[in-house]
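Hi,

Here is the structure I promised to pass on to you. Have a look at it first, and then read on for what turned up.

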Amino acid sequence: MRLPALLSLAVLLAASPVQAQQALAEVERAIVPVAIWGGTPADPSKARRHTIKQVTLHHQGEPFLPGTDPQAYLRRLQTWSRTSKGWLDIPYHYVIDLDGKVYAARPIGFAGDTNTEYDPAGHALIEVVGNFEEVEPNQRQLDAVVDVMAMLAKKYGVSLDDIRSHRDHSDKTVCPGANLYRYMKEEYFRHKVALRLAGEQARASQ
Ligand SMILES: [Zn+2]
């Protein structure tokens with residue numbers, strides 16, 4: 001191989017880890033707004049306002065079959081949250097579908113809700129569709145979890161230690177399911193988030 005070709009290959013290999021990553025600002029811009037999926041805004045007069053200090057991962061806890069319309073699921077979830085549970089809105093701030101697409105749910109400035117005993121104030125809540133006691137998360141979902149966690153960590157200054165899952169805060173749940181929790185326990189998410197944040201720093205100093 002001629003030297004210039006070798007050099008360009010070296011440049012390509014060195015540059016690709018950062019360039020392959022979406023900038024975190026782009027991650028935020030790609031989030032599907034509530035109005036687009038057909039949701040209605042939460043009533044701000046009933047909201048409990050909070051400041052984000054932690055990121056907490058959840059699963060849906062029910063099977064999400066391929067072919068299910070995620071926007072219809074979100075509309076049903078919003079209606080159920082308000083009418084059956086009497087909550088302000090969907091309990092989570094972001095929902096990730098089977099394709100790794102991210103949807104805005106409850107406004108991030110409003111504290112979430114839960115069926116278990118922990119207080120979700122201060123937590124940015126991410127839900128991944130599916131029941132990970134039964135199925136494995138797919139790679140697009142895992143990538144999207146990293147995207148959203150990293151975006152939130154950067155925006156709110158959340159430390160890696162404060163990125164956890166529902167069952168880390170409550171003994172009363174297996175959420176986010178054994179097959180998703182494994183990625184938390186084995187530090188997959190924290191490791192990937194750390195790389196993303198380092199990539200952002202490199203991007204900023206370019
Ligand atoms: Zn949960």
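A quick word on naming before the details: helices, of at least four residues, and strands, of at least two, are DSSP runs numbered from the N terminus. Please also keep in mind that this is a predicted model.

With that naming, proline 176 sits in the loop between helix H6 (166-169) and helix H7 (178-185). The peptide bond that joins cysteine 175 to proline 176 is cis, with omega at about 15 degrees. Further along, the loop between H7 and H8 holds glutamate 187. Although glutamate 187 is not a glycine, its phi is positive, at about 70 degrees. Is glutamate 187 buried or exposed? Glutamate 187 counts as exposed because it has 12 C-beta neighbours inside 10 Å, and 12 or fewer is the cut-off for that class.

Now the overall layout. The protein chain has eight helices and five strands, and along the sequence they follow the pattern α-α-α-β-α-β-β-β-α-β-α-α-α. Of the 206 residues in the protein chain, 35% count as buried. Among contacts with a separation of 6 or more, 76% are between residues 24 or more positions apart.

Next, the core. The largest nonpolar core has 39 residues, and those touching the most other members are Tyr94, Ile96, Ile126, Val145, Val148, Met149 and Leu152. Which helix gives the most to this core? That is helix H5 (residues 139-156), with nine residues.

H5 and helix H8 (residues 188-204) pack at an angle of about 55 degrees, with their axes 9 Å apart. H5 is therefore oblique to H8, and H5 passes H8 in a right-handed crossing.

Conventions
Residues numbered from 1 in each chain as written. Predicted model: local features only at pLDDT ≥ 70, side-chain atom pairs only at ≥ 80, totals over all residues. Core = buried A, V, L, I, M, F, W, Y, C linked by C-beta atoms within 7 Å. Buried ≥ 20, exposed ≤ 12 C-beta atoms within 10 Å, placed from the backbone. Contact = placed C-beta atoms within 7 Å. Axes fitted to C-alpha atoms, helices over the stretch in contact; angles between N-to-C directions. Parallel < 35°, antiparallel > 145°, perpendicular 65-115°, else oblique. Left-handed = near helix turned anticlockwise from the far one by under 90°.
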